[in-house]
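Please work through the exercises below with the sequence and the model at hand. Each task is followed by a solution in steps.

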Amino acid sequence: MQFLGVDLAWKGGASGYCCLQWQGQCLELVRLDRSRDTDELLAWIDRDAPSSQAAMVAVDAPLIIPNPRGMRTCDRQCHQLLGRYHAGCYPANQQSPFASHTTGFSEALSQRGFRHAPTLTPQEQGRFQIEVFPHATAIALFQLDQIIKYKKGRLTERTKGLRHLRDLIAGRLPHCEPPLVLELTADIPTSGRDLKALEDQLDAVLCAYTAAYWWYWGRDRHWVLGSESFYLEPASAEAYLKTGYIVVPRP
């Protein structure tokens with residue numbers, strides 16, 4: 001089983017990409033990179049998960065946008081659930097300038113046989129895609145009181161935040177279940193452009209690990225936002241496909 005994480009550029013351009021492989025009883029890093037554009041990104045997915053390969057793709061972007069205006073149910077629930085951690089995903093509707101690109105990317109995955117998996121039997125084989133939110137994964141798995149602030153602010157603040165995130169990924173994920181063994185030892189860059197590239201790649205690692213975590217544990221350790229009663233019982237897969245959804249590890 002392969003687990004692909006995509007920190008998708010919502011309007012096209014460079015995207016973070018990570019490929020993890022289930023090997024024995026742990027996950028191994030196969031590839032960590034940043035694509036120039038969506039065409040290159042899809043080519044990498046075709047290379048690492050050809051049609052015969054069981055795999056799950058986890059994408060940090062709104063993949064299903066049914067609402068003409070306002071925000072999706074899952075976006076609103078994300079703010080309600082994670083607001084106290086200073087986290088909340090960007091709301092999406094069909095008027096959003098990125099809507100056609102992000103939903104088009106999901107459609108490209110569907111054409112490759114990756115079906116949406118807002119419900120899943122743990123460790124089920126197949127080809128799946130899910131929407132995820134890296135901040136939510138970091139809050140849950142690293143037991144944070146608030147998000148690590150590495151996306152905005154001065155270069156010194158972003159550098160400090162990315163170093164902290166990198167160290168948590170390298171130090172904590174090997175001790176999670178399933179464990180991810182990886183080395184992230186490169187120096188933190190100092191330019192804004194290089195920091196953005198590192199940010200995209202680390203977010204892609206969190207996306208890929210969320211795919212593996214969802215596949216491994218399923219509903220037992222996750223919420224699937226998008227259902228009005230997500231904290232009590234999940235909706236059907238068909239219902240989630242009508243509303244949109246986000247798979248979120250539980251703290």
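Predicted model: local features only at pLDDT ≥ 70, side-chain atom pairs only at ≥ 80, totals over all residues.

Residues are numbered from 1 along each chain as its sequence is written, and side-chain values use heavy atoms, with hydrogens and water left out.

**Exercise 1.** Describe how the axes of helix H5 and helix H6 cross.

*Solution.* Helices (H or I, at least four residues) and strands (E, at least two) are DSSP runs, numbered from the N terminus. Axes are lines fitted to C-alpha atoms, for helices over the stretch in contact, and angles run from 0 to 180 degrees between N-to-C directions.

Step 1. The axes of H5 (residues 155-172) and H6 (residues 192-217) approach within 11 Å, crossing at roughly 30 degrees.

Step 2. H5 is therefore roughly parallel to H6; angles under 35 degrees count as roughly parallel, over 145 as roughly antiparallel, 65 to 115 as roughly perpendicular and the rest as oblique.

Step 3. Contact means heavy atoms within 4.5 Å. Among the H5 residues that meet H6 are Leu-155, Leu-162 and Ile-169, and the H6 residues include Leu-195, Leu-202 and Leu-206.

**Exercise 2.** Determine how H1 and H3 are placed relative to each other, and identify the residues in their contact.

*Solution.* Step 1. The axes of H1 (residues 38-48) and H3 (residues 99-111) come within 12 Å and cross at roughly 25 degrees.

Step 1. The two helices, H1 and H3, are therefore roughly parallel to each other.

Step 2. H1 contributes Thr-38, Leu-41, Leu-42 and Ile-45 to the contact, and H3 contributes His-101, Phe-105, Ala-108 and Leu-109.

**Exercise 3.** Is helix H2 largely enclosed or largely open?

*Solution.* Step 1. Buried means under 20% relative accessible area, exposed over 50%, partly exposed in between (1.4 Å probe, protein chains only).

Step 1. In H2 (residues 73-82), seven of the 10 residues are buried, so H2 is largely enclosed by the rest of the structure. The buried residues include Cys-74, Asp-75 and Leu-81.

Step 2. The cover over these buried residues of H2 includes helix H4 (134-141), strand E8 (222-225) and strand E9 (246-249).

**Exercise 4.** How many disulfides are there?

*Solution.* Step 1. A disulfide is a pair of cysteine sulfur atoms within 2.5 Å; by this rule the count is zero.

Step 1. For Cys-18, which is in no disulfide, the nearest cysteine sulfur belongs to Cys-19, 7.1 Å away.

Step 2. Cys-78 is likewise in no disulfide, and its nearest cysteine sulfur, that of Cys-89, lies 3.8 Å away. Cys-78 counts as buried, at 0% relative accessibility.
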